[in-house]
Amino acid sequence: MTARLLPGAPVAEAVFADITLRVKTLSATGVTPSLATILVGEDSASAGYIRMKQAKAAELGFASPHIHLAGDATHADLVAAIRDFNSDRSVHAILIQHPVPDHIDYAEALLEVDPDKDVDGLHPLNLGRLAAGMPGPVPCTPAGIEALLAFHEIPVAGRDVVVLGRGTTLGRPLSLLLSQKRPTADAAVTVIHSGVPGWERHTQRADIVVAAVGVPGILRPEHLRPGAVAIGGGVRYEGKRLLPDLDESCAEVASAITPRVGGVGPTTVAMLFRNAIELAERATRA
Ligand SMILES: NC(=O)c1ccc[n+]([C@@H]2O[C@H](COP(=O)([O-])OP(=O)(O)OC[C@H]3O[C@@H](n4cnc5c(N)ncnc54)[C@H](OP(=O)(O)O)[C@@H]3O)[C@@H](O)[C@H]2O)c1
């Protein structure tokens with residue numbers, strides 16, 4: 001069997017088309033949506049991600065104020081930058097570029113972000129809203145995976161989904177999202193992790209397996225049921241080289257699979273801007 005590929009680009013294009021209309025509607029009321037970014041340090045990959053997001057912001061009609069802190073900035077410096085954006089009424093969404101230097105505690109910094117400007121949906125209040133089924137920004141990569149499956153008409157409702165990894169940015173929120181009562185979710189979700197010896201007994205019976213670990217090549221064909229759908233969310237970078245969790249040979253067994261490059265990634269960026277426009281709309285209504 002050769003698996004059907006599930007690219008993220010057409011999913012992102014559809015989301016961006018919707019956002020463009022919503023930006024126009026908001027702009028007609030005199031409001032420019034604004035996604036603010038904070039970068040700490042000189043990491044070239046992180047600086048590249050910020051440039052890419054600023055270019056996308058400009059293309060979509062968002063303002064994108066930016067604060068760049070030096071690599072030796074303190075936690076207090078970062079908190080001051082966050083508070084500047086929190087109190088600026090023209091800013092609707094705030095992104096702290098991850099990773100931050102080792103001496104900064106990202107989780108602590110996140111607590112300072114106004115939850116109603118938390119574009120990554122990772123503030124504990126927003127993770128709580130997700131768990132409680134309340135509206136709020138949803139972490140971007142999990143939201144992108146749900147959108148990817150829906151766009152490519154992979155049925156999820158009532159099916160067995162196994163998520164490999166219980167991390168805060170991907171596995172945990174994805175498991176909450178796909179078990180919600182909604183036509184594009186409503187799945188029987190199992191979460192497995194390093195505390196589950198022989199986890200392949202779970203993936204081998206799954207209809208859909210999502211790798212959300214960050215261990216290159218951890219998901220292999222022998223871990224899949226023939227005809228299953230395999231989604232690669234986890235990646236590790238060695239320099240500029242992207243090493244995905246999903247071994248490409250899974251395509252020999254799966255019925256559908258995300259491509260090595262251009263699968264989940266583009267949908268994550270689209271969901272970032274979807275969260276940003278939703279936060280701007282909500283703030284404008286309030
Ligand atoms: N594509 C994108 O746009 C995007 C966006 C965000 C994140 N990601 C990627 O997604 C991955 C997960 O992110 P995260 O922040 O959620 O990661 P994380 O917090 O580091 O969580 C990783 C999870 O993988 C599990 N794990 C590690 N080694 C394992 C093994 N050998 N067998 C079974 N489980 C194992 C860990 O188990 P324990 O809990 O037992 O330690 C943990 O639950 C990372 O690679 C990250 O780069 C991609």
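**Figure 1. The largest nonpolar core of the predicted model.** The largest nonpolar core in this predicted model has 80 residues. A nonpolar core is a set of buried Ala, Val, Leu, Ile, Met, Phe, Trp, Tyr and Cys residues joined through C-beta atoms within 7 Å. A residue is buried if 20 or more other C-beta atoms lie within 10 Å of its own, exposed if 12 or fewer, and partly exposed in between, with C-beta atoms placed from the backbone. The residues with the most contacts inside the core are Val161, Leu164, Val209, Val210, Ala230 and Ala276. Helix α9 (residues 264-285) supplies the largest share, 10 residues. Because domain 1 (30-115) and domain 2 (139-266) both give residues to this core, it lies between them. Residues are numbered from 1 along each chain as its sequence is written. Since this is a predicted model, local features need pLDDT of at least 70 and side-chain atom pairs count only at pLDDT 80 or more, while totals for chains, interfaces and linings use all residues.

**Figure 2. The surroundings of Ala230.** Leaving aside residues up to four places away in sequence, Ala230 touches Val209, Leu219, Leu224, Leu246, Cys250, Ala254 and Ile257. Two residues are in contact if their C-beta atoms, placed from the backbone, lie within 7 Å.

**Figure 3. The two domains.** The domain assignment, which is automatic or taken from a database, gives domain 1 (30-115) and domain 2 (139-266). Their C-alpha centres lie 29 Å apart. An unreviewed UniProt entry lists "domain: Tetrahydrofolate dehydrogenase/cyclohydrolase catalytic" for residues 7-120; such annotations may be inferred rather than shown by experiment. Over residues 7-120 the chain is 48% helix and 12% strand. The UniProt annotation "domain: Tetrahydrofolate dehydrogenase/cyclohydrolase NAD(P)-binding", also from an unreviewed entry, covers residues 139-283. There the chain is 30% helix and 19% strand, and the end C-alpha atoms are 19 Å apart. Helices (H or I, at least four residues) and strands (E, at least two) are DSSP runs, numbered from the N terminus.

**Figure 4. The sheet of six strands.** In this open sheet, 6 strands follow the order β1-β11-β8-β7-β5-β6 with parallel pairing. Two strands pair if DSSP finds at least two bridges between them. The edge strands, β1 (4-5) and β6 (188-192), each pair on one side only. Strand β5 (residues 160-164) is joined by 4 bridges to strand β7 (residues 208-211), and Val163 stands opposite Val210 in β7.

**Figure 5. The sheet of three strands.** A further open sheet has 3 strands in the order β3-β2-β4, again with parallel pairing. At its edges are β3 (66-69) and β4 (93-96), each pairing on one side only. Strand β2 (residues 35-40) runs parallel to β3 and is joined to β3 by 4 bridges. Leu39 stands opposite His68 in β3.

**Figure 6. Helix α7 and its cover.** Helix α7 (residues 171-178) is mostly covered, with 8 of its 8 residues buried. Among the buried residues are Gly171, Arg172, Pro173 and Ser175. Their cover includes α5 (124-132), α6 (140-151), β5, β6 and β7.

**Figure 7. Ser255 in its loop.** Ser255 lies in the loop between β10 (241-244) and β11 (256-257). Ser255 counts as partly exposed because 18 C-beta neighbours lie inside 10 Å. Ser255 and Val191 are 64 residues apart in sequence and 22 Å apart in space, C-alpha to C-alpha.
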